[in-house]
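Me: I would like to go through this structure with you. Could you take my questions one at a time?

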2 protein chains.
Amino acid sequence: MQIKDYIEIVDLKLDEYIPITYPEDIFKSMRYTVLLPGKRLRPIMCIESAKLFGAKLEDTLPTACAIEMLHAQTLIHDDLPCMDNDDFRRGKPSNHKVFPEAISVLAGDALLTFAPQVILNNSKNLDYEKLIKVLNEYFYAAGAYGVIAGQVVDIENERKQNKGSELSQNQKAEILNYLHLHKTGDLFRLSLRAGAIIGGADEKSIEALTAFAEKFGIAFQIADDILDEEATFGEIGKTPGKDKEAGKLTYTTLFGIKKAKEDLSELIKECRKILSDNNFNSEIFEEILIKISKQAA
Amino acid sequence: MQIKDYIEIVDLKLDEYIPITYPEDIFKSMRYTVLLPGKRLRPIMCIESAKLFGAKLEDTLPTACAIEMLHAQTLIHDDLPCMDNDDFRRGKPSNHKVFPEAISVLAGDALLTFAPQVILNNSKNLDYEKLIKVLNEYFYAAGAYGVIAGQVVDIENERKQNKGSELSQNQKAEILNYLHLHKTGDLFRLSLRAGAIIGGADEKSIEALTAFAEKFGIAFQIADDILDEEATFGEIGKTPGKDKEAGKLTYTTLFGIKKAKEDLSELIKECRKILSDNNFNSEIFEEILIKISKQAA
């Protein structure tokens, strides 16, 4: 299986898991963002993490797709006018530009509980203990200790910056690290830990994959910041340079492009070391690391 | 135990279950609406449902409090400017009037996954099977098939009405019934079913309580509509007559106060019949029915 095969299977399942029933608009709005063509990095990493421990694809797909639904939820709400106010996402109008804003808020809400329902209703071979562990990971990542903590700090920092608050370079670096760990990292953490749990991994392996996820999350975000600075709308499907303009903390504005690229290279090296130290042999992980490392060039 | 004792215990636990940690604003915003003084009808009905089957209070409290958190979540998001745009709730400024709107959106999001986390982390005596069943009920009620379905139909109907859409009395009655069943009824359904599951009730009892919940939900909403028409701000803690003004379908505008009061009386009779037919002896349920029936006078 190659990345493009995984994307195809995940897309098929995402489509299958969200049928349109009454009231249609809520399901259409959920489907609109969930099914926007994407890299499906989080579900693929979940599947691949489980595969390291011998799990079957069918046992991982519900959780993998649930994580993509959670990811879509964060995109829908992050794009809202009262949040980042983004009109475009993945090259298409944002959810609230296609549906009334109220429906977009509710579609995000719905995905938050629809996703774990997909896990419970479709993971026929997972025993209760694994299901509860996977759900616990999901709740942690989705909630006030996970991506939401990251988003809150992001928003509040942006407001402080725009009011002319003076932070030292160290303080900014600390906030940025927190942001990356939670807003970006926690979904990768969820993907890798949930996959490992489904596969029946031991505690040591789960911890190793957690460390990998944290480093990968930061690497991914640095690569994204570099792209946001260097790319065009056509390449990233959203308005480039918007983060910088909005007064958002980014790795590139804080440390400059040169150091961002060096640190990205270093993090990818550390990711590879964790994989090899633990004999986690995965061509897919390597392929993903190569893709991310292109921004370091 | 009387209703006021239950309220005290539920309030204590709600306070305990949501400690304030970093980033503080999200937890403060969650707590603000969850801890507004309220009747705690849903948690009390959950506890009382479990008690019918011999469950201990400590085993029901986490789920009961989680349902109150979910209820608070619906209030926070329903009050948003893009939804019902309400400035007051329970006599106090709405969440987004106290916190930035973005924080209120995120506080609602956070509660959706925080609540089931409270169930998982605190229900030490519930086995995995019961936990999974309770979570399934939670996901159903919280999601696109539950309260959100009700809210979507409410919003869309309001817009159609304001655009001058012509619906027959029968069509309006059908929409109103759907609204009441989901927007209002599904949280009571969750309370009673989850309580029964925790108590280890058989299928027949769970079905009887489900029927009770559906009738009670409609009765509760009719009583609320009567109150909205007849009460002052001081009595209901929010702007009275607002639903009618907004072009919202309500029981009283559709059928008139007289029929609303008659139907309310009839529903309460049916609720009592279900309780007595099944030997569900509960002073608390009776007390709640008496309170609701005051609007029928």
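Me: Which residues does I26(A) touch, leaving out those up to four places away in sequence?

Reply: Within chain A, I26(A) touches I103(A), L106(A), A107(A) and A110(A), and from chain B it touches A144(B), I148(B), A149(B) and V152(B). Two residues are in contact here if their C-beta atoms, placed from the backbone, lie within 7 Å. This is a predicted model, in which local features need pLDDT of at least 70, side-chain atom pairs count only at pLDDT 80 or more, and totals for chains, interfaces and linings use all residues. Residues are numbered from 1 along each chain as its sequence is written, and chains are lettered from A and ligands numbered from 1 in the order in which they are written.

Me: And which residues have the most contacts inside the largest nonpolar core?

Reply: They are I26(A) and I26(B), in a core of 176 residues. A nonpolar core is a set of buried Ala, Val, Leu, Ile, Met, Phe, Trp, Tyr and Cys residues joined through C-beta atoms within 7 Å. A residue is buried if 20 or more other C-beta atoms lie within 10 Å of its own, exposed if 12 or fewer, and partly exposed in between, with C-beta atoms placed from the backbone. In soluble globular proteins, nonpolar side chains tend to be buried together.

Me: What about L106(A), buried or exposed?

Reply: L106(A) is buried, since 30 other C-beta atoms lie within 10 Å. L106(A) belongs to helix α6 of chain A; helices (H or I, at least four residues) and strands (E, at least two) are DSSP runs, numbered from the N terminus. Beyond its neighbours within four places in sequence, L106(A) is in contact with I26(A), I148(B), Q151(B) and V152(B).

Me: How many residues of each chain are in contact with the other chain?

Reply: There are 40 residues of chain A in contact with 40 residues of chain B. On the chain A side, α2 (24-34), α6 (101-122), α7 (128-142) and α8 (147-162) each supply at least two residues. The most comes from α6(A), with 14 residues.

Me: What is that side made of, by class?

Reply: The side of chain A that touches chain B has 28 nonpolar, seven polar and five charged residues. Ala, Val, Leu, Ile, Met, Phe, Trp, Tyr, Cys and Pro count as nonpolar, Asp, Glu, Lys and Arg as charged, and the others, Gly among them, as polar.

Me: What rotation superposes chain A on chain B?

Reply: A rotation of 180° does so, with 0.0 Å of shift along its axis and an RMSD of 0.0 Å. The two copies are thus related as by a two-fold rotation axis. Copies are superposed by least squares on the C-alpha atoms of residues with pLDDT of at least 70 in both. The copies meet through the same surface, because 100% of the interface residues of chain A are also interface residues in chain B.

Me: Changing topic: how many helices and strands does chain A have?

Reply: Chain A has 14 helices and two strands. Its C-alpha trace spans about 55 × 50 × 30 Å along the principal axes, and buried residues make up 52% of its 297 residues. Of the contacts in chain A with a separation of 6 or more, 75% are between residues 24 or more positions apart.

Me: How many residues of helix α3 (residues 41-51) of chain A are buried?

Reply: Ten of the eleven are buried, so α3(A) is largely enclosed by the rest of the structure. Among the buried ones are R42(A), P43(A) and E48(A). The cover over the buried residues of α3(A) includes α1, α4, α9 (169-199), α10 (203-230) and α14 of chain A.

Me: And α4(A), how many of its residues are buried?

Reply: In α4(A), 19 of the 22 residues are buried, and the helix is mostly covered.

Me: Where is the cis peptide bond in chain A?

Reply: The bond from Y22(A) to P23(A) is cis, with omega near -10°. P23(A) lies in the loop between α1 (3-17) and α2 of chain A. In chain B, a cis peptide bond joins Y22(B) and P23(B), with omega about -10°.

Me: What is phi of N279(A)?

Reply: Phi of N279(A) is near 55°, a positive value in a residue other than glycine. N279(A) sits in the loop between α13 (251-277) and α14 (283-293) of chain A, and N279(A) is exposed, with 8 other C-beta atoms within 10 Å.
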